4 protein chains.
Amino acid sequence: MVGGGPTSLIGPVHRAAVGIDGEIEVVCGAFSIYPEESRQMGEMLSLDRDRVYDNYEQMFEREKDLPADQRMDFVSVVTPNHVHFAPAKMALENGFHVIVEKPIAFSLEEAKQLQKLVQKTGLLLGLTHTYTGYPLVKHARHMVAKGEIGKVRKVYVEYPQGWLSTLLEGTGNAQAKWRTDPKQSGMGGAIGDIGTHAANLAEYITGQKITDICAMLNAVVKGRKIDDDTSMLLRFENGASGVLIATQVAAGEENNLNIRVYGEKGGLQWQQHDPNTLIVRWLDRPMEVLRAGQPYLSDAAKAFTRTPAGHPEGYLEAFANIYRGFARAVRDYKPGKKMNLAKYDVPTVEDGVRGMNRVKTAVKSSTSTRKWTALK
Amino acid sequence: MVGGGPTSLIGPVHRAAVGIDGEIEVVCGAFSIYPEESRQMGEMLSLDRDRVYDNYEQMFEREKDLPADQRMDFVSVVTPNHVHFAPAKMALENGFHVIVEKPIAFSLEEAKQLQKLVQKTGLLLGLTHTYTGYPLVKHARHMVAKGEIGKVRKVYVEYPQGWLSTLLEGTGNAQAKWRTDPKQSGMGGAIGDIGTHAANLAEYITGQKITDICAMLNAVVKGRKIDDDTSMLLRFENGASGVLIATQVAAGEENNLNIRVYGEKGGLQWQQHDPNTLIVRWLDRPMEVLRAGQPYLSDAAKAFTRTPAGHPEGYLEAFANIYRGFARAVRDYKPGKKMNLAKYDVPTVEDGVRGMNRVKTAVKSSTSTRKWTALK
Amino acid sequence: MVGGGPTSLIGPVHRAAVGIDGEIEVVCGAFSIYPEESRQMGEMLSLDRDRVYDNYEQMFEREKDLPADQRMDFVSVVTPNHVHFAPAKMALENGFHVIVEKPIAFSLEEAKQLQKLVQKTGLLLGLTHTYTGYPLVKHARHMVAKGEIGKVRKVYVEYPQGWLSTLLEGTGNAQAKWRTDPKQSGMGGAIGDIGTHAANLAEYITGQKITDICAMLNAVVKGRKIDDDTSMLLRFENGASGVLIATQVAAGEENNLNIRVYGEKGGLQWQQHDPNTLIVRWLDRPMEVLRAGQPYLSDAAKAFTRTPAGHPEGYLEAFANIYRGFARAVRDYKPGKKMNLAKYDVPTVEDGVRGMNRVKTAVKSSTSTRKWTALK
Amino acid sequence: MVGGGPTSLIGPVHRAAVGIDGEIEVVCGAFSIYPEESRQMGEMLSLDRDRVYDNYEQMFEREKDLPADQRMDFVSVVTPNHVHFAPAKMALENGFHVIVEKPIAFSLEEAKQLQKLVQKTGLLLGLTHTYTGYPLVKHARHMVAKGEIGKVRKVYVEYPQGWLSTLLEGTGNAQAKWRTDPKQSGMGGAIGDIGTHAANLAEYITGQKITDICAMLNAVVKGRKIDDDTSMLLRFENGASGVLIATQVAAGEENNLNIRVYGEKGGLQWQQHDPNTLIVRWLDRPMEVLRAGQPYLSDAAKAFTRTPAGHPEGYLEAFANIYRGFARAVRDYKPGKKMNLAKYDVPTVEDGVRGMNRVKTAVKSSTSTRKWTALK
């Protein structure tokens, strides 16, 4: 693991997710840019001292030299945004599979470099777009793919948060600080932090790519250096259209990720705050409420719950689903043989490139006076 | 009453709304373009035969000649969109107050003519933008005005319906037919039918006018002659921004009018499907759920419920609130004295002009390649 | 109308309900025990002065003597509980149909006297058990009757209120005062005021009579003279069992009437706070959410909405449904011909007798050390 | 671990819960009564072969002889109900702490034996009453303890399931089979399986013991040998009263555990299907909706979430909270020093004894003709 030291928010989430299925074990790490903190973390995790490293360069160096049955199987990168690219690149260059916290890199160019490296090495690169790990998101995708709601016409996806409603970065809040600092976060604020999750979810469920966007990005809070609020009109490749909302100034909202997809025959709605429920509206019969763990769900959904219906599962379990898929791909991996990570239902480097492109295009559209900007 | 004959959808709604408070009585009418149907309706309503007219021209002619204490106090126009203007105009020209079903007219020009007539005659013209009649909508407006959620920053308003998901107008459905026929409905389909309700609600609650829009209008269903789907980005006069969605092809949706307004300190949410509830989110304390009829509400809200908390009130009661306000204004009216109908919390001719302008501007924006179009 | 003067809570509700359909008109009344208040009310309602009476005795006396086409068609009794019996009795004795606010009388004995009078005169006596007027309650009954959920096994019905959580009757609150005074309210407090609504709803939907009860009645608030809280175990004639909760000390609750009925194949849930929705759970397929006004509903339900799906209707509309049914029965009435008021879906004198018996039996059970008490 | 082999339902749940925090590691086990299956499980968990045992007797025998820093720290018993007692007893007799899946034993007598052993040895015995592990359940308890809702008056707790609506045990379903077989499950069916969870939750949140019950137990499905449905009236030590519902024939219900507690000033509601939300109703101000992870919660609740507000946590996380508390107690344990496990917020042997007593008393009450039976 690279990153995830004592002050990390997302590090423990990755480790908890990994622990749920017991298929993955943290064996080594460079947890912090401060070696002392890295060692501290290693102790908390009861790791072998020899495998707690001062920095990730050292980690790759030494792990590479360990016998194949002793060295780590893959590396997990959970650092802030601007430190995703370098360790991911180094992992691939040193022969390690890698799973990267979203976004894949700091810029579209970096993302493309990683893509080339993946193509060249044949190694696996996974991305933790967590929300696609929820079982009912998978069922929604299944229903659309089977044509159950007919051709998709409208997509409304939104991710309202409220935690940046004040100039939190001015108060010493570490999370707010790096997320609103273009040097650490990248060119996009809300659009990169949460908007990209929303867009990814929309494309995942509908199976349709966004082709054109018309974006309005705002820095609503005075003194903020980056957008904290995004709205955009969307066009999809199949002719569908939609709206994406991603804001961090919707005072009082938590992570109210919500997607609605309407087709010719019906509509689907999924909300992260009630993740074990999928609402299905029909043109000519009563609305249905589908629930995780129920026998009537698709195999696509049933494979991703761990308890019978009625036992709520949540964010960590969705996260674990991504990791479990990646672990299985790593286990199946054979050097020299081309593997399709998407078959394991794990977000790939292509999703990462696409994500970076979305952010770049949104920023471009936002400053344009033209209505539509193509998302190539 | 003009219109509201045996096949009318909205006519009985107006009459039921009027009946709730017992302050208004239907005394005469020209209910249909077919005199026979008008008479039939008159009988159903036990009206005096002499006061059931063959057409509205006749009605104005004869009512005008009745003694002041016998003739109708005001006229209610509930015909299809393209027949709002003429009877409303004739009412004003003949000295009658008039309440018009939304939209006020067929075009912006007609609306402006009515506005001038109102200014000239000093008579009252009310508009049934029903949704502003709900008590918790009024409370939401009150909270914003009092600054309880701070300066408004974001407005998300949506009105999804699904009933036009198929080419219903091709099946003989009368409601679908006139609403999708530009000759009867006007230049806007969804934008005029429901989008204007959404926009009006947003302006009503926030007290802020929309200044610029970026609209996408679609005719999603093949063969349809008019938009059945609208999305637009919004800018408000105080610097707030937002999104408006109004669609009639969200399969499975009823009248899911939903508005969220976020300010610096908190956010409000109101949904027509649960109209007796107002959700208030706060930046730093638990979400609150306000309920109609409760003593803690503002007088603005309390004056508009008829039963104690816990007795659901709905659409007809909201409608009745508009009518009751109008009736009271009519009662207070003194010829020659300028009256402000807005003080009675009844939508006015200005709202009607504004509504027509919104439709026109939305259509203009939709066909423009420029991002923003001003709404003057 | 008897009762419903200037300070009445339920009087305006009856009048608003009556106004919605325009099939009934208030033509006369004895609105208060104070003739002055009665007259005041008559003026507010623009009634003919001659037909505003000083007391109900006078009203029956004089109305009886009017020509058949001028006198009132039926009388509505909306006085406090202890003044239901006398005017209802007098109405029947003087040849008038009567609709009585629930409970039908002050004691079981009085109720039985009315029952005999109805049998003897053949006149119509209706009871405003409002909750059975909701369209989705009617659909629930229809589904049970059609066997859609299989044989009924479990019934959970509850009516929690919180308004009597303090000794409100000690503060001069008029509603609290008479409802907690055994001399005005009768022997049952919560059980009579709301518990009987809950029980009636359970029997109405399931079509099964309660045969045995095991009741716990409490006067929770210190100083209260009557029960403000009821819980009981139930047995039904078909072998089903259940629980009834009716409390007025559930602090913070409004009128959260909620019923769940489970059969062999599925379960139904209806809640007054969301009255336009019926939840249907199935053993082997997704939960369905049925909505008022939808074409897929039974005729039993469709006949009782006034607006298309998506326009919320509420308590007044449910009330209006009872009145409309009664008005139609009155219209169809032919002297000398036996009529079945239940066919008009209006609660009858039999429901009234049953209600009084339930209260009496609950009080008896509550003071007994035996578990079960039969409800004959 | 004792039990939790390849066909176990609850075994993987325990292991996933344990994995979330990474503070506990499964090091050995006797996973099945079939040594082959036990070995198979050991391999799946990558355990050292030497520490996968043929049966639990062997496990205790051998683990006991390992050096203190190598042997297991405690044992987890996850077998069917009738095999809880023997391994738990043997654990304590051999000097091991033990955590037992609910119910603690097969009979009240066995439970009391374990209680004596715990008192004698000073070892720790924990019980996985999972529902008390939810953070908002802990906050609810905190609010009651602080007097925020005033003295508790009413408690409504229910646990409806629908999965035993048919004679599932006749179809070969293993879960249904042992749970409806008195020889494996004990004298109580629904009352023991889920009713005891509901009662435990009520006592946990209110801090009040149930003193008297009036129970109705039914075997609703023909051919069933044990109750599948329970309803009971309750009295609490502080004078509060309530109702408990636990049924397995509410067709279509999952694990709809729901508790409402009303005090003099307000009421609390928590539902397992939306576990990250606590509804608080107030007598004189708007209802509040509290959410897991929010800063405004008590420390009691905040200590038990792993992610910021807006990231749903569920059943496994609640389970993990029980285990984490137990692990910390084990770590703090010093032989010879009396420890209070309840301080770690872990259900204890006393809760287990109480649970067995509740089942026994409920069965006794159900067959009695007297209304109330004391729960000593």
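1. Rings of Phe, Tyr and Trp (its six-membered ring) are taken to pair if their centres lie within 6.5 Å, with planes under 30 degrees apart called stacked, over 60 edge-to-face and the rest tilted. By this rule there are 40 aromatic pairs over all chains.

2. This is a predicted model, in which local features need pLDDT of at least 70 and side-chain atom pairs count only at pLDDT 80 or more, while totals for chains, interfaces and linings use all residues. Residues are numbered from 1 along each chain as its sequence is written, chains are lettered from A in the order in which they are written, and side-chain values use heavy atoms, with hydrogens and water left out.

3. One of the pairs joins A:Phe60 and A:Phe96, which are tilted, at 6.0 Å centre to centre and 40° between the planes. Because A:Phe60 lies in helix α3 (residues 56-65) of chain A and A:Phe96 in the loop between α4 (85-93) and β2 (97-100), the pair ties together parts that are 36 residues apart in sequence (helices, H or I, of at least four residues and strands, E, of at least two are DSSP runs, numbered from the N terminus). A:Phe60 is buried at 0% relative accessibility, and A:Phe96 is buried at 3% (buried means under 20% relative accessible area, exposed over 50%, partly exposed in between, with a 1.4 Å probe and protein chains only).

4. In chain B, the charged end of B:Lys138 sits over the ring of B:Phe304, 4.4 Å from its centre, and that of B:Arg235 sits over the ring of B:Trp372, 4.0 Å from its centre; the rule asks for NZ of Lys or CZ of Arg within 6 Å of the ring centre and within 35 degrees of the ring normal.
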